[in-house]
Amino acid sequence: MLKKLKIKDFDEVYSIMEKSFPKDEYREYKEQKELLNIPIYSIYTLSSKSGKIKAFIAVWEFKRFLFIEHLAVSPGYRNCGAGTQVLSEITTLFNKTACLEVEPKDTEIACRRIEFYKRNNFFFNEYPYIQPSLSKGKKPVPLFIMTFGSKVDEDTFKQIKDTLYSKVYRCSSL
């Protein structure tokens with residue numbers, strides 16, 4: 001069962017993040033931890049019976065949709081259903097349109113991630129999208145948006161993109 005992150009567990013979550021994402025796709029430690037002070041940002045964890053974090057999901061809750069910024073499973077718990085459980089619980093908990101970013105289908109791992117999300121009722125939207133730089137010295141990343149339940153039309157995509165740029169990335173556009 002998902003539980004809201006306890007501050008004492010942030011280091012363990014950040015360690016999983018470092019092992020799971022390219023450097024340009026997560027913030028520096030201090031910046032990432034400071035997000036926990038923003039009311040619309042939360043991290044939820046899935047723990048083993050012994051209390052070790054199996055997986056986490058970081059989300060931004062907006063009026064019209066939920067943005068899943070990070071979902072990662074600790075290396076020792078991969079391919080055991082933890083990611084599917086986390087997605088199922090978070091989409092049920094928030095009961096609203098959810099979206100997330102994925103890399104282009106350029107690598108085998110990117111294709112596997114996209115297929116994982118498709119199996120979990122997310123749909124790939126073909127609109128061009130760039131994730132702005134997350135921290136000083138990090139590069140913008142070309143990505144795509146996947147949405148839960150169905151694809152979105154271009155106007156809805158633009159609303160999602162504009163919200164992410166202004167609220168999550170604090171920039172106007174690229």
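This briefing covers the nonpolar cores and salt bridges of the structure above. The model is predicted: local features need pLDDT of at least 70, side-chain atom pairs count only at pLDDT 80 or more, and totals for chains, interfaces and linings use all residues. Residues are numbered from 1 along each chain as its sequence is written, and side-chain values use heavy atoms, with hydrogens and water left out.

**Nonpolar cores**
- The largest nonpolar core has 33 residues; such a core is a set of buried Ala, Val, Leu, Ile, Met, Phe, Trp, Tyr and Cys residues joined through side-chain atoms within 4.5 Å.
- Ile-43, Phe-56, Trp-60, Phe-67, Tyr-129, Leu-164 and Tyr-169 touch the most other members of this core.
- At least two residues of the core come from each of α1 (10–20), β2 (41–47), β3 (53–61), β4 (65–73), β7 (141–148) and α5 (154–168) (helices, H or I, at least four residues, and strands, E, at least two, are DSSP runs numbered from the N terminus).
- Another core, of 25 residues, lies apart from it and includes Leu-46, Ala-55, Leu-71 and Val-102.

**Salt bridges**
- The structure holds nine salt bridges (a side-chain nitrogen of Lys or Arg within 4 Å of a carboxyl oxygen of Asp or Glu).
- Arg-27 and Glu-69 meet at 2.9 Å, N to O; Arg-27 is in the loop between α1 and α2 (29–34) and Glu-69 in strand β4, so the pair ties together parts 42 residues apart in sequence.
- Both Arg-27 and Glu-69 are buried (under 20% relative accessible area; exposed is over 50%, partly exposed in between; 1.4 Å probe, protein chains only).
- Lys-8 and Asp-9 pair at 3.3 Å, N to O; Lys-8 is exposed at 67%, whereas Asp-9 is buried at 18%.
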